[in-house]
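I opened my notebook to look at how this chain packs. Here is the structure I worked from.

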Amino acid sequence: MGIAGSMGCVLYDRYGYVAPFVFSSTLATGAALLVLFVVPGSQTYLSQEDQIMTESPLPNRNSKLSKLLVFPMIATMLINANYGVFQVSLTPFLHDNFNKSISYGGTVLIFASMGMAIGSLSGGLALQKKIFNHYTLMIIGALGVFVGLLMTFPPEFVTPVYNLAPYLAFVGTLLAGIGDPVITISTLRALYDLQEQRMGPLSPAVTTRITGIWLVGYCAFYFCGPFIGGFLTDYFSYSHTA
């Protein structure tokens with residue numbers, strides 16, 4: 001994601017706004033063809049035991065999804081909408097207020113993706129080793145996003161800090177990038193835990209359903225975030241957007 005953001009900004013600077021769309025659509029088409037015609041079906045990789053569990057009819061209690069799953073789903077949707085808002089407003093903020101190029105904004109976004117890689121790994125390890133539960137991790141992730149956004153978009157009345165915004169943005173996007181996957185990993189863990197507590201042990205089929213529903217919320221609101229961010233940036237201000 002970091003490389004793609006930077007490449008998109010460079011393509012925009014050099015060849016105009018059409019170039020990133022042409023490049024990304026070509027990659028997307030290639031990826032779709034790769035999945036359809038090259039990658040074998042996922043059933044090949046299931047063990048015999050998993051295949052039996054997947055093909056067998058599930059008990060009614062275990063096959064139903066708990067209604068409480070809606071709350072972690074809402075958290076996932078909101079944090080991804082937030083990240084989309086943040087991404088779309090960063091580059092124009094640096095360009096309009098500090099005369100930084102589009103490529104500069106793309107370079108800053110690389111640090112956001114580095115943070116996401118760090119947050120994904122550290123959040124997963126913290127849950128696996130039971131250093132923190134998912135509630136504590138959600139709070140830690142939210143603090144990281146809040147502090148990161150505050151550093152990236154400092155208030156204008158704090159003039160000494162505001163003048164350093166183009167440089168603080170590197171640290172701010174890194175922190176926000178770490179916080180984002182920490183929250184999303186925690187919400188996925190919360191979905192599994194809630195289902196297990198309410199409906200019993202998870203079968204592979206139910207786990208797949210939960211993950212699929214979670215990904216729908218993750219992707220749908222990641223798509224909505226840039227639209228919301230663009231609207232807020234156009235009609236209000238960068239500080240309101242942040």
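Which residues have the most contacts inside the largest nonpolar core? I noted first that this is a predicted model. I then found Leu 90, Phe 93, Leu 94, Phe 98, Val 108 and Phe 153. That core has 18 residues.

Next I looked up the elements behind it. Helix 5 (70-98), helix 6 (102-128), helix 7 (134-152) and helix 9 (165-199) each give two or more residues to this core. Helix 5 gives the most, with 6 residues.

I picked Leu 94 and listed what it touches. Leaving out residues up to four places away in sequence, Leu 94 touches Asn 99, Lys 100, Tyr 104, Gly 105, Val 108 and Pro 166.

Then I turned to Thr 173. It sits in helix 9. Is Thr 173 buried or exposed? Its relative accessible area is 0%, and buried means under 20%, so Thr 173 is buried. Beyond its neighbours within four places in sequence, Thr 173 contacts Phe 86, Leu 90, Val 108, Phe 111, Ala 112 and Thr 152. A polar atom of the Thr 173 side chain lies 2.7 Å from the backbone oxygen of Ala 169. I also checked Leu 109, which is 64 residues from Thr 173 along the chain. Their C-alpha atoms are separated by 6.8 Å.

Val 70, Phe 71, Ile 74 and Leu 78 make a nonpolar patch of about 390 Å². Val 70 belongs to helix 5. Val 70 is partly exposed, with a relative accessible area of 41%.

Key. Residues are numbered from 1 along each chain as its sequence is written. This is a predicted model: local features need pLDDT of at least 70, side-chain atom pairs count only at pLDDT 80 or more; totals for chains, interfaces and linings use all residues. Side-chain values use heavy atoms; hydrogens and water are left out. A nonpolar core is a set of buried Ala, Val, Leu, Ile, Met, Phe, Trp, Tyr and Cys residues joined through side-chain atoms within 4.5 Å. Buried means under 20% relative accessible area, exposed over 50%, partly exposed in between (1.4 Å probe, protein chains only). Helices (H or I, at least four residues) and strands (E, at least two) are DSSP runs, numbered from the N terminus. Contact means heavy atoms within 4.5 Å. Patches are made of residues with over 30% relative accessible area and no salt bridge: like charges are joined within 9 Å, nonpolar side chains (Val, Leu, Ile, Met, Phe, Trp, Tyr) within 5 Å. Accessible areas come from the Shrake-Rupley method with a 1.4 Å probe; for residues, only the protein chains shown count as cover. A salt bridge is a side-chain nitrogen of Lys or Arg within 4 Å of a carboxyl oxygen of Asp or Glu. A polar contact is a pair of N or O atoms within 3.5 Å; within protein, one must be able to donate a hydrogen and the other to accept it, and residues adjacent in sequence count only if both atoms are side-chain atoms.
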